[in-house]
Structure formats: structure tokens, C-alpha cells
Amino acid sequence: MPKPELEFFPVSNTPWRPVQGSKCEGLDERVLAANGPVATRILRFAPGTDTTPNGEQAHEFFEVVYILSGFLTDLRPGQTFSTGMYACRPPGMLHGPWTSEEGCEIFEVRYVAT
């Protein structure tokens with residue numbers, strides 16, 4: 001089943017909530033549309049967030065991300081990424097853990113290839 005059909009609406013009507021399953025503080029999401037792992041969301045890292053307790057991540061789905069604001073550091077390779085940068089992660093690609101000293105917001109789309 002695909003994500004629901006939604007026409008334009010104010011994203012601010014969707015509340016922030018803590019990311020389910022996260023073992024760290026300061027990681028919140030606005031889920032705009034979802035059906036299981038297939039989702040569109042905005043992910044927010046509060047200033048000082050460190051996702052080390054969550055460990056490295058790898059998913060069974062594609063994950064496409066675009067940094068809307070701020071800076072994000074992937075601790076594994078020691079690289080920092082900033083506003084306007086894009087990534088496409090195929091299933092199984094390792095990434096994270098992450099830190100964000102000043103905070104960051106990311107637009108993210110998750111999907112399963114057919």
C-alpha cells in the first residue's frame with residue numbers, strides 16, 4: 001500500500017515528536033506521510049545532539065536526504081555536511097552515528113525499490 005494521497009497543507013500543522021526507537025535526546029521528526037518504512041519526514045537534530053547511542057545505521061530501504069538547515073557530522077568518516085547537501089543511500093549502506101553542534105533539519109524520503 002502506498003503512502004496516502006495528500007494535497008498541499010502547512011507542514012507546521014504536523015507536530016514534532018521524538019524519533020521512535022532512538023536512544024538519544026534531541027532527535028525529533030515531523031512525519032508528513034508514511035506507510036511502514038515508506039515515509040517522508042523532516043528530521044530535526046537539536047543543538048548538541050549526538051546519536052552515538054543509536055550506533056551505525058543501515059536500512060532495508062532507500063533513504064534520500066536533503067539538508068534544509070545547519071550542519072551534521074558523520075562520526076564514522078569524520079565528515080561534516082551542511083545546508084543544501086544531498087545524499088541517496090541504497091539499502092544496506094552504513095551511515096552515522098551523527099553529531100550536530102548547532103542543530104540541523106533534514107528533509108528525508110524513504111522508499112522500497114520495486
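This briefing walks through the aromatic contacts and the pockets of the structure above. It is a predicted model, in which local features need pLDDT of at least 70, side-chain atom pairs count only at pLDDT 80 or more, and totals for chains, interfaces and linings use all residues. Residues are numbered from 1 along each chain as its sequence is written, and side-chain values use heavy atoms, with hydrogens and water left out.

**Aromatic rings**

- Two aromatic pairs are found here; rings of Phe, Tyr and Trp (its six-membered ring) pair if their centres lie within 6.5 Å, and planes under 30 degrees apart count as stacked, over 60 as edge-to-face and the rest as tilted.
- Phe62 and Tyr111 make a stacked pair, with 5.0 Å centre to centre and 5° between the planes.
- Phe62 sits in strand β5 (residues 62-74) and Tyr111 in strand β9 (residues 104-111), so this pair ties together parts 49 residues apart in sequence; strands (E, at least two residues) are DSSP runs, numbered from the N terminus.
- Tyr111 is partly exposed, at 34% relative accessibility (buried means under 20% relative accessible area, exposed over 50%, partly exposed in between, with a 1.4 Å probe and protein chains only).
- Phe81 and Trp98 form an edge-to-face pair, 6.5 Å centre to centre with 65° between the planes.
- This pair links distant parts of the chain, with Phe81 in strand β6 (residues 79-82) and Trp98 in strand β8 (residues 98-100), 17 residues apart.
- Phe81 is partly exposed at 21% relative accessibility, whereas Trp98 is buried at 9%.

**A charge over a ring**

- Arg44 lies over the face of Trp16, 4.0 Å from the ring centre (NZ of Lys or CZ of Arg must be within 6 Å of the ring centre and within 35 degrees of the ring normal).

**Pockets**

- The largest pocket holds about 550 Å³ of space; on a 1 Å grid over the protein atoms alone, a pocket is an open set of points where a 1.4 Å probe fits, with protein on both sides within 12 Å along at least five of seven lines.
- Its lining has 31 residues, with Val19, Arg41, Gln57, His59 and Arg110 nearest the centre (lining residues have an atom within 4 Å of a point).
- Strands β2 (27-35), β3 (38-45), β5 and β9 each give two or more residues to that lining.
- The second largest pocket holds about 250 Å³, and among its 18 lining residues Asp74, Phe81, Ala87, Arg89 and Trp98 are closest to its centre.

Notes. Helices (H or I, at least four residues) and strands (E, at least two) are DSSP runs, numbered from the N terminus. Grid points are joined across faces, edges and corners, and a volume is the space filled by probe spheres set on the points.
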